[in-house]
Amino acid sequence: LVGGKLIPWQGETSEVYSTISSTATYKPTLLGTIPTLGETEALSALDAACEAYNKGQGLWPTMKVENRIACMENFVTQMKTKRDEIVKLLMWEIGKNLADSQKEFDRTVEYIYDTIEDYKQMDRDSAKFEKHSGVNAHIRRGPLGVVLCLGPYNYPLNETFALLIPAIMMGNTTIFKPAKHGVLLITPLLEAFKTSFPKGVVNIIYGRGRTVAAPIMQSGKVDVLALIGNSKSANALQNQHPKSNRLRLVLGLEAKNPAIVLPDADLDLAIEECIAGSTAFNGQRCTALKVLYVHDSVVEEFNKRFSAKVDALKFGNPWEEGAQLTPLPEPEKPAYIQGLIDDATQKGAQIINTKGGETTENYIFPAVLYPVSKTMRVFKEEQFGPVIPIVPFSDIDEPLDDMAASNYGQQVSLFGKDVKTLAPLIDTLVNLVCRVNLNSSCQRGPDVYPFTGRKDSAVSTLSVHDALRSFSIRTFVASKDN
Ligand code: G3H
């Protein structure tokens, strides 16, 4: 979709496979093909976005608020008719189970409606005039320009739209490259994008990052890089920009969220939340619990009950009733996870659950590793998959020191009861991460809450409310009383 046209493509294409087999003997399933664009096509998408923005004077950035909202409402109305198709593609392309695929779709629709409401409120607020020291100001929020938007494979609809929708709503124009896994599920929406927004506001491109995204950045014409994914890709793209210091960044990156289980924690609750936090969508969430610190005094009991519950999780294809663990969309992931397990076991950890590490062609059963120590790769790397390291501790300074030394700072889960212990601990933890989850696992939602991180975990803040601000700038018209 470039400049309001769906361009028929006769050039090179790439095949999109699911790691889920549709035959009795294992064989990845061919789901479809996508165009593999070259630099010329990528740059024409950029030109279309620049023209639609037209240095701020384009139809879209200057459009009346109610008209822009009408475009967005038209889009979401059309989108809702594609629910079944998109949910099915979520299951096949990324292996997300039925309930979570439906949730991803519904959450995205809700996100769009909430964005519209917040945007209306923002407009009402900015219609108010302020006056200080004899200077009147009419403050309003304006767009930033042209946004290059790239989303992740684990939420190819929801997180991508958590960037794209607020960027568009604020009057920016966009070039959007869908995630490698989860690319086909954008196809049912192409017509809706085309008919809902003026030409050039949303341009959708396909292809290899270095062929299509790199030249767009090298042009120097991108004002905002919006990416949820890894910092390696974000840095590489940022560095392509000839004036990267003037590039606005909206980034959601890696995290290594810990759980800290204190001696007086309600173990049933802690175990239940740690299971959900570490195994939902096979651990492929930036908000997943990726290391569990459990106090020495309860670690034996915790390990016994936790590992039994992990073993009881049901593996199945995404549409199967009750499937909690599902195939991994990245063919290379099982070998990577196995590498982490091997490294940890060679350095003294054990797999403490019976099924841990059992593999099929497209899956590896979550391995609970104990005791994990600092020299192990799984202690440091963001595993983003089914392996759960447990670290015993005797003094609370141990996890706190590790968190302070970590390159990441998104969230933490804290399990305990005694308010006198918890209160000062929370005061410390909020200065190390951006969300402290008390007796509950880490998560992004509800989407009205700020979603961000310290250090290498994020730049800028997302949420229904914050994202509109991240993709805009406060401007004002000033006048004096005279
Ligand atoms: O992958 C990172 C996502 O932001 C996780 O979102 O906590 O709603 O699953 P979630």
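The mean pLDDT of the chain, where pLDDT is the predictor's confidence in each residue on a scale from 0 to 100, is 97, and 100% of the residues reach 70 or more. The model scores ipTM 0.98 and pTM 0.97. The structure is a predicted model, in which local features need pLDDT of at least 70 and side-chain atom pairs count only at pLDDT 80 or more, while totals for chains, interfaces and linings use all residues. Residues are numbered from 1 along each chain as its sequence is written, and side-chain values use heavy atoms, with hydrogens and water left out.

The ligand is surrounded by R107, N154, Y155, E159, R285, C286, T287, Q443, R444 and F451, a residue being counted here if one of its heavy atoms lies within 4 Å of the molecule. This shell divides into three nonpolar, three polar and four charged residues, under a scheme in which Ala, Val, Leu, Ile, Met, Phe, Trp, Tyr, Cys and Pro are nonpolar, Asp, Glu, Lys and Arg are charged, and the others, Gly among them, are polar. Polar contacts were taken as pairs of N or O atoms within 3.5 Å. A polar side-chain atom of R107 lies 2.8 Å from an oxygen atom of the ligand, and one of N154 lies 2.7 Å from a ligand oxygen atom; for C286, a polar backbone atom is 2.6 Å from an oxygen atom of the ligand. Of the 310 Å² of accessible area that the ligand has on its own, the protein covers 95%, as computed by the Shrake-Rupley method with a 1.4 Å probe.

Rolling a probe the size of a water molecule over the atoms shows where empty space is left. On a 1 Å grid over the protein atoms alone, a cavity is a set of points where a 1.4 Å probe fits but cannot get out, whereas a pocket is an open set with protein on both sides within 12 Å along at least five of seven lines; lining residues have an atom within 4 Å of a point. The ligand takes up the space of the second largest pocket, the criterion being that more than half of its atoms lie within 2 Å of the grid points.

Four cavities of 30 Å³ or more were counted. The largest holds about 60 Å³ of space, and its lining, which includes C286 and F451, divides into six nonpolar, six polar and no charged residues. The second largest cavity, with a volume of about 50 Å³, is lined by Y111, A162, R444, D447, Y449, F451, L462 and S463, of which five are nonpolar, one is polar and two are charged.

Notes:
Polar contact = N/O pair within 3.5 Å; in protein donor to acceptor, adjacent residues only side chain to side chain. Points joined across faces, edges and corners; volume = space filled by probe spheres on them.
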